[in-house]
Amino acid sequence: MIGQLSPIALLFYLAGLVAIVASLKVITQKNTVHALLYLVVSLLAVAVCFYLMGAPFAAGLEVIVYAGAILILFVFAIMMFGLKQDETRYAPQNQGLSIWLGPCLLAVLLLIEILVSLDNADIQQQLSSSVVTSKQVGILLYGPYLLAVEIASFLLLAGLVAGYHFAKPDNQRGHL
Amino acid sequence: MDSQTIIAFLPQLILAAGTVGALLLVAWRRSQRMIAYFTLVTLLLTLVSTFNGIGQLTTAVTQLFYVDDYGRFALLLILLVSICSLFLSMQRLSTDVEVHDEYYLLMLLTVLGGSILVISDHFASLFLGFELLSISLVGLVGYFRQQQYSVESSFKYLILSASASSFMLLGIAFIYAQTGTLSFSPSADITGVSSLSLANNYLLPLGFILFFSGMAFKLSLVPFHYWTPDVYQGASTPVTLLVATVSKCAIFVVLLKCCFAYYQHYMGLHEQVFNVIAAVAILSMILGNSLALKQQSIKRILAYSSIAHMGYLLIIVLLNQVHAIEMAWQSTLFYLTTYLIACVSIFTVICLSEGEQHQDVNLADWQGLFWHRPLLASLVIVAVLSFAGIPLTAGFIGKFYLINLAANQAMWPLLAALIIGSGVALAYYLPMVFTLFTEQGQSDKKYDHLLSFGHRSMVSLFIVLGLLLGIFPDVLGHWLLEF
């Protein structure tokens, strides 16, 4: 059955498998920072999936926005929480670099996939024939879907206001 | 956009502009009174523009929205309820030193989300409206952080509504994979859609069931109902009113729109899908009512009864005959109107009989209410009888519409469940009424703050409305027929 799949489909399913394995590791890890390593790999794997489906723009956004910006925010937030006792008591101690092995292995797998797809002329031709460019995405977003973009901005506003309210310091007497 | 489109879309535009205006107002000057009245004016303007729109042409606003009279009427209901909720919140918020700007902002955003849902004609706008509604409700449910269950209930709501939306997204993805379009009413020129047959196609029904389960979470139908009592109890009463009415009304209307479009384009409902939805409906009717039996907290009783009511309404979703659509819409809107009136009535009373600490109101707190405060008690009686579907109240006519539809389509199991459910429901609705008349109500319990004129007139208005729709249902029925 695997033999019948085209090379692109094979790579796609492999990347999907990496995403699933990495996501499972995210929720089973005990240490938050270690879990985040797997989360990065999971997001990168999804980006590879996007790329193999002919959406390099979405893949780029996934890497820049999720794996880049949001993950860094996440790491900073977790480092600044100051879990103190909880962290030292419940999380396993750092055992050298062995914790790096799993995420690295999965990430290398993704790198190999990308290299294979870049190296193979057949795959490149198939990918470039059905590509969705950033221009097309932009025209759609600011054409027929303009109102959706506006509503999404209200959605973010709602999240911001709710988040601000929950994070507000408790005692504000006299400060309105 | 031409002028007709803009007029059709005006309610949403006013709400959006009002939200931005409220933000600017906060930046300019923070005052409890000003922000509250600004919100009220925004909602009233939206109400006027929606009311004006009823009876006008149906208009497609880009491919995302389709404004018709059903949507407009549902928006009218949402706005009326949120004005009532605002009125109830104002009393509570004004006693605080802190200026609650976020509360009003989140409320406007909730209404905006609901208004987007009721006119959406596309899965993208549906999802955005759905999320806007949930996120702002999460903020509102946990708004009063010092209250006992507030953070817990908002957390429950957040996590469960996020998982519901992910199920829904997966369902939408499956539907998209099969039909190639995200629009509810795909135009015929998209190849492959018209030739799509239901036979041997399992992804489309599977996607539909996943989509339905996301919606069912918000409607708190039975396998997805666990959050309902906790959230109802944990949120402050005006917010519970919003969760019980605005969210359910908007979600149900959009679910119905989506289902009817689906039936029209894909030649009815898959048998398995029909069975799944019917099972959910029957379970909701019976379990919802049975779980309410032993409850003491009034909000919990209402939560379980809302599960049953949404189960009754699901009968309409199962009508997959295209010719019955007008009748189905009429029944839905009538039932929703009566349900919302009863909800507003009973939550108003809960709000007015809460103590200073806003603790949960139990059945015992209402003992002998009729002798202390006859006006409030009469409102409770009308509302509870309307929930139960006793003749001469609005709820009876609503239920009559449903029974009529179910009997016409020969859906006997559903009809049986509806009748059994209503019978079980009497076992907790009637004790609620009896409690009001018990003489041995704790005499030391004094309701010292008297009702203001505004509250008195609101209470009287809802007593009249509940009875009027029960005695002269044609007032609303004829109007709905013209849509």
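Select helix H11 (residues 271-291) of chain B, and then H8, helix H12 (298-317) and H17 of chain B, which are among the elements that cover the buried residues of H11(B). Helices here are DSSP runs of H or I with at least four residues, strands are runs of E with at least two, and both are numbered from the N terminus. A residue is buried if 20 or more other C-beta atoms lie within 10 Å of its own, exposed if 12 or fewer, and partly exposed in between, with C-beta atoms placed from the backbone. This is a predicted model, in which local features need pLDDT of at least 70 and side-chain atom pairs count only at pLDDT 80 or more, while totals for chains, interfaces and linings use all residues. Residues are numbered from 1 along each chain as its sequence is written, and chains are lettered from A and ligands numbered from 1 in the order in which they are written.

**Along H11(B)**

Which residues of H11(B) are buried? They are Val273(B), Ile277(B), Val280(B), Ala281(B), Ile282(B), Ser284(B), Met285(B), Leu287(B), Gly288(B), Asn289(B) and Leu291(B).

**Two helix pairs**

Two packed helices are described by the angle between their axes and the distance between the axes. The axes are lines fitted to C-alpha atoms, for helices over the stretch in contact, and angles run from 0 to 180 degrees between N-to-C directions. Angles under 35 degrees count as roughly parallel, over 145 as roughly antiparallel, 65 to 115 as roughly perpendicular and the rest as oblique.

Select helix H10 (residues 237-265) and helix H13 (residues 325-353) of chain B, which pack at about 175 degrees with their axes 9 Å apart. H10(B) and H13(B) are therefore roughly antiparallel to each other. Two residues are in contact if their C-beta atoms, placed from the backbone, lie within 7 Å. To see this contact, show residues including Leu241(B), Phe252(B) and Phe260(B) of H10(B), and Leu336(B), Phe347(B) and Cys351(B) of H13(B). The residues of the contact divide into 15 nonpolar, four polar and no charged. Ala, Val, Leu, Ile, Met, Phe, Trp, Tyr, Cys and Pro count as nonpolar, Asp, Glu, Lys and Arg as charged, and the others, Gly among them, as polar.

Now move to helix H3 (residues 32-53) of chain B and H5(B), whose axes lie 9 Å apart at an angle of about 10 degrees. H3(B) and H5(B) are therefore roughly parallel to each other. Ile35(B), Ala36(B), Thr39(B), Thr42(B) and Leu43(B) of H3(B) meet Asp101(B), Tyr104(B), Met107(B), Leu108(B) and Val111(B) of H5(B). By class, this contact has seven nonpolar residues, two polar and one charged.

Most residues other than glycine have a negative phi, and most peptide bonds are trans. Select Thr62(B), which has a positive phi of about 45 degrees although it is not a glycine. Thr62(B) sits in the loop between strand S1 (59-61) and strand S2 (65-67) of chain B. It counts as partly exposed, with 18 C-beta neighbours inside 10 Å.

Go on to Ser220(B), where phi is near 50 degrees, again positive in a residue other than glycine. Ser220(B) lies in the loop between helix H8 (203-218) and helix H9 (227-234) of chain B. Is Ser220(B) buried or exposed? With 27 C-beta neighbours inside 10 Å, Ser220(B) counts as buried.

Thr438(B) is in the loop between helix H17 (412-437) and helix H18 (453-471) of chain B. Thr438(B) is partly exposed, with 14 other C-beta atoms within 10 Å. Leaving aside residues up to four places away in sequence, Thr438(B) touches Gln367(B) and Gly368(B).

**Where the chains meet**

Show both chains: 26 residues of chain B are in contact with 19 residues of chain A. Helix H2 (10-28), helix H5 (101-119) and helix H6 (123-141) of chain B each supply at least two residues of the side that touches chain A. The largest share, nine residues, comes from H6(B).

**Whole chains**

Zoom out to chain B, which has 19 helices and two strands. Buried residues make up 55% of its 483 residues. Chain A has eight helices and zero strands, and buried residues make up 22% of its 176 residues.
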